[in-house]
Amino acid sequence: MRPRAVPPLAFVPKRHQAGEACHETKSRGLAVLNSPPLNKGTAFPAEERIALGLTGLLPPDISNLEAQVNSAYIQYERLPDALGKNIYLTALHDRNEVLFYRLFSEHLREMIPIVNDRTVGMALEHYHHECRRPRGVYLSIDHAGPIEEAFANLGAGAGDVDLIIATDAEQILGIGDWGVGGIEVSIGKLAIYTAAGGIDPNRVIPVMLDVGTNRESLLDDPTYIGNRHARIRGQRYDDFIDAYVTAVTKLFPNALLQWEDFAPGNGRRIIEKYQDRICTFNDDMEGTGAITLAAAISAVRVCGTPLRNQKIVIFGAGTAGVGVADQICRSMVREGLSKEDAIRRIWCVDRQGLLTTGMAVPLHDHQETYARPAAESRGWKQDQHGVSLAEVVHRVKPTMLIGASTVPGSFTEAIVREMAANSQRPIIFPLSHPTAKAEANPADLIAWTEGRGLIATGASFAPVTYKGMTYVVAQVNNALLYPGLALGAIVSRARRISDGMFAAAANAVSSLVTVRQPGASLLPQVDDLRSVSVTVAVAVAEAASAEGLAGVKLGDIVQRVEDAMWQPEYRRIEAC
């Protein structure tokens with residue numbers, strides 16, 4: 001699952017008459033078979049075997065891609081656990097890129113958790129103990145000088161790269177700081193960009209920004225291959241990030257830069273510094289917020305009360321929780337509220353209780369915007385952790401309750417029943433995942449609200465039947481949004497990612513569901529991600545054009561988006 005930018009000399013894409021794409025290559029024999037973008041395995045036709053020097057290097061039977069996909073899936077299913085399947089898919093991608101992406105794209109719901117969720121976390125825990133094929137670019141804060149040289153070694157030109165994902169791996173979902181191995185998460189995410197959004201895998205780069213690690217087990221491990229010191233903070237860190245941004249925007253001026261798995265403070269500071277200067281976004285903050293906004297838009301379409309009139313309690317004020325608050329707040333402003341009034345409709349609760357001004361433990365920068373005036377909660381019940389979630393729900397009487405806490409079972413029956421007593425259609429989103437971390441089980445939420453709750457979850461849950469009605473539980477999965485967001489930005493050559501483009505993406509996702517049908521999901525299903533990505537990309541490109549952010553004239557936007565999507569198909573290969 002480790003896409004890389006392939007040096008242009010590996011092969012030269014050409015387009016011949018009738019729109020047929022092909023590759024030209026100087027490689028021969030084993031060099032062809034060892035090139036993942038070129039390798040077709042037993043599907044090389046007879047004439048290519050002769051021209052490329054493959055005679056005798058393959059079994060004589062000539063197969064096709066469909067048969068190879070079926071065979072690969074049979075092997076995949078035989079594997080006993082998720083980690084084994086992750087390793088198998090990694091090896092397949094290292095061997096045959098087209099086959100990997102065709103298999104992945106045909107089984108997205110099943111394989112996304114294997115490629116990019118907790119499973120890849122388990123894989124990267126063993127990253128430095130394994131001899132893996134390196135992919136991407138590794139940059140060290142201890143050797144920050146040759147950044148341009150590192151990217152130049154890829155052999156990619158200024159117009160050859162569309163998307164770069166960088167991580168410093170400080171806050172990886174489920175495991176936290178994992179140092180240099182964190183690049184595996186970015187690599188897995190790029191695989192989803194290709195399988196779900198049609199982003200060309202030969203035009204992307206994963207980047208590891210190695211600033212050290214605070215995990216003692218890594219620092220004490222003699223086999224650890226990253227910088228063996230504590231994480232660098234402060235000005236030196238910021239200078240390193242700036243050197244990276246300066247280098248990549250100079251070398252690849254059309255590339256979209258994404259930030260992955262940064263701690264909340266760093267992630268927010270980086271986005272605020274660069275978002276108005278370059279085309280960039282942070283999926284953990286902005287992507288999570290936008291897809292949650294999509295579910296909220298669907299929910300308010302059902303209940304008939306505008307988002308600006310909702311009272312929202314968010315439990316968990318980290319990267320994701322504050323990102324959700326930001327997107328909802330901006331949507332309320334677009335509906336006519338002032339920013340101050342929008343903020344007043346959001347209550348954030350974290351491990352220290354309700355966030356308020358003047359707390360004994362100082363708030364993080366990203367939390368301060370949503371701190372309530374201390375006088376507002378004077379007289380409310382407090383425990384050793386401050387004003388609890390239960391007390392906030394009791395006092396505020398919210399219409400929307402969102403969880404990003406990873407505290408399992410924190411949406412208790414008492415809390416949910418009290419909320420349901422004060423709201424005809426309570427909107428409840430337990431977003432933490434995997435399922436063991438969910439704030440509540442959707443079956444319980446539907447029962448406790450007597451079927452009136454509008455539910456979306458971060459983990460995947462089966463449909464729930466209650467009193468004869470079947471409820472399809474929406475999964476708030478970022479993969480419904482970020483592939484299309486990136487595709488739309490790439491097609492339009494957007495100069496930056498605006499709030500309007502995030503809003504367009506969220507509305508596009510919501511538009512794909514018929515929410516007034518009883519028991520309907522608030523979001524599309526993950527199975528059909530490629531068609532979802534087309535819809536999102538078109539909306540994003542249209543928004544970029546309308547806001548004057550597009551770098552090209554788009555004409556027929558739908559056609560432009562469809563033409564831009566890379567397809568996992570074998571191309572004809574010509575020897576040169």
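A residue is called buried when its relative accessible area is under 20%, exposed when that area is over 50%, and partly exposed in between. The model described here is predicted.

Alanine 541 belongs to helix α22, which spans residues 529-546. Because its relative accessibility is 0%, alanine 541 counts as buried. Leaving aside neighbours within four places in sequence, alanine 541 is in contact with Gly488, Ser492, Leu554 and Ile557.

Aspartate 326 lies in helix α14, which covers residues 319-334. With a relative accessibility of 8%, aspartate 326 is therefore also classed as buried. Not counting residues up to four places away in sequence, aspartate 326 touches Arg268 and Tyr370.

**Nonpolar cores**

The largest nonpolar core comprises 110 residues, and Phe104 and Phe429 have the most contacts inside it. Helix α22 supplies the largest share of this core, 11 residues. Apart from it lies another core, of 31 residues, including Ile141, Tyr237, Val245 and Trp259.

Which residues does phenylalanine 429 touch, not counting residues up to four places away in sequence? Among them are Thr292, Ala295, Ala296, Ala299, Leu401, Phe411, Leu454 and Leu522.

**The cavity**

Rolling a probe the size of a water molecule over the atoms shows where empty space is left. A search of the whole structure finds 1 cavity of 30 Å³ or more. The largest cavity has a volume of about 110 Å³. Its lining consists of 14 residues, of which His23, Pro37, Val98, Glu569 and Arg571 lie nearest its centre. By class, this lining has 7 nonpolar, 3 polar and 4 charged residues.

**Aromatic pairs**

A pair of aromatic rings is described by the distance of the centres and the angle of the planes. The count comes to 11 aromatic pairs.

| Pair | Centre to centre | Angle between planes | Class |
|---|---|---|---|
| Phenylalanine 151 and tyrosine 244 | 6.4 Å | 35° | tilted |
| Phenylalanine 151 and phenylalanine 252 | 6.0 Å | 75° | edge-to-face |

Each pair links distant parts of the chain. Phenylalanine 151 is in helix α8 (residues 147-152) and tyrosine 244 in helix α11 (residues 234-251), 93 residues apart. Phenylalanine 252 sits in the loop between α11 and β6 (256-260), 101 residues from phenylalanine 151. Both phenylalanine 151 and tyrosine 244 are buried, and phenylalanine 252 is buried as well. Phe151, Tyr244, Phe252, Trp259, Phe262 and Tyr274 form one aromatic cluster.

**Backbone features in loops**

The peptide bond from histidine 433 to proline 434 is cis, with omega near 10°. Proline 434 is placed in the loop between β12 (427-430) and α19 (442-448).

Although it is not a glycine, threonine 406 has a positive phi of about 60°. Threonine 406 lies in the loop between β11 (400-403) and α18 (413-421), and at 37% relative accessibility it counts as partly exposed. Arginine 493, not a glycine either, has a positive phi of about 50°. Arginine 493 is found in the loop between α20 (482-492) and α21 (499-510). With a relative accessible area of 23%, arginine 493 is partly exposed.

How values were computed: Residues numbered from 1 in each chain as written. Predicted model: local features only at pLDDT ≥ 70, side-chain atom pairs only at ≥ 80, totals over all residues. Heavy atoms only, no water. Helix = DSSP H or I, 4+ residues; strand = E, 2+ residues; numbered from the N terminus. Buried < 20%, exposed > 50% of the residue type's maximum accessible area, 1.4 Å probe, protein only. Contact = heavy atoms within 4.5 Å. 1 Å grid on protein atoms, 1.4 Å probe; cavity = no way out; pocket = protein on both sides within 12 Å on 5 of 7 lines; lining within 4 Å. Points joined across faces, edges and corners; volume = space filled by probe spheres on them. Nonpolar A, V, L, I, M, F, W, Y, C, P; charged D, E, K, R; others polar. Core = buried A, V, L, I, M, F, W, Y, C linked by side-chain atoms within 4.5 Å. Phe/Tyr/Trp six-rings, centres within 6.5 Å; stacked < 30°, edge-to-face > 60°.
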